[in-house]
Amino acid sequence: MKICIITPTYNEKENIALLLDELLKVFNKTKYEMNILVVDDNSPDGTADIVKKYCSTYKNVHLITGNKEGLGKAYIRGFNHVLNNMKMDAIIMMDADFSHDPKYVPDFLKNLDKYNFIIGSRYIKGGKIPDWPFYRRIISAGGNFFARIISGLYGVHDCTTGYRCIKTELLKKIDFDKLDAKGYAFMSTLLFEAKKEGAEFKEIPITFYDRKRGKPKLSYKDMVEFFFNSFKLRIRSITGK
């Protein structure tokens, strides 16, 4: 089985080399053919230049670049590249800032025999967010409430996590034109579309860490988009569109 980890980047020069090193170590612990695709939004800090050096050394490290249009658009570029240019059986979505620990990669992979959409969950038994202040926990809990109840994503405890593994056979069924959220609302929209296509979900516990290097990417605009997008998904669930 061939797996590709997709990680979008924008100004992650402080993290990307460390992440690639950790992932390459983790790959030695798996039985699968592992690849990494960095989707860089033309970072002005030289993130892509660092990745290019790895590409010249490791055949399983890949890079594509594009304009900065938001997290959702970056992932769609990555999805299309994998489906059109790489013969992969599954993809893993993860952030580049170490909030998603590479050590969990094998936990995702061992569930691929039974499930086609595996979710790294902070909100099931064993999941943790050790370094978040109270207000961020409230915001995150509220976001998951909206995604679950308002958007109709019942049965999924962590609807907003970005650490996921999806089989490409499921990904091919999803209409990317309907994944129109630009920011973090993309995560719940992708769940919504996957559920429509009969996704078999499995949540595994992860510990989510705050980034230690670089600037946070979540903005007020992202939260507003997420709020309105939840109602948009609710309407679509009612109308069947």
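Predicted model: local features only at pLDDT ≥ 70, side-chain atom pairs only at ≥ 80, totals over all residues.
Residues are numbered from 1 along each chain as its sequence is written, and side-chain values use heavy atoms, with hydrogens and water left out.

So, how many aromatic pairs does a search of the whole structure find? Eight. Rings of Phe, Tyr and Trp (its six-membered ring) pair if their centres lie within 6.5 Å; planes under 30 degrees apart are stacked, over 60 edge-to-face, and the rest tilted. One to look at is W132 with F208: edge-to-face, 5.4 Å centre to centre, with 75 degrees between the planes. These two sit 76 residues apart, and the pair links distant parts of the chain. W132 counts as buried because its relative accessibility is 10%, and F208 is buried at 10% as well. Buried means under 20% relative accessible area, exposed over 50%, partly exposed in between (1.4 Å probe, protein chains only).

F208 has another neighbour: the charged end of R122 sits over its ring, 5.2 Å from the centre. That label needs NZ of Lys or CZ of Arg within 6 Å of the ring centre and within 35 degrees of the ring normal. K68 lies over the face of Y10 too, at 4.8 Å from the ring centre.

Elsewhere, ring pairs link Y75, F79, F176 and F186 into a cluster.

Last stop, P102. Is P102 buried or exposed? Buried, because its relative accessibility is 3%. P102 touches residues including L19, M94 and Y163, where contact means heavy atoms within 4.5 Å.

Methods
Helix = DSSP H or I, 4+ residues; strand = E, 2+ residues; numbered from the N terminus. Lists of a residue's contacts leave out its neighbours within four places in sequence.
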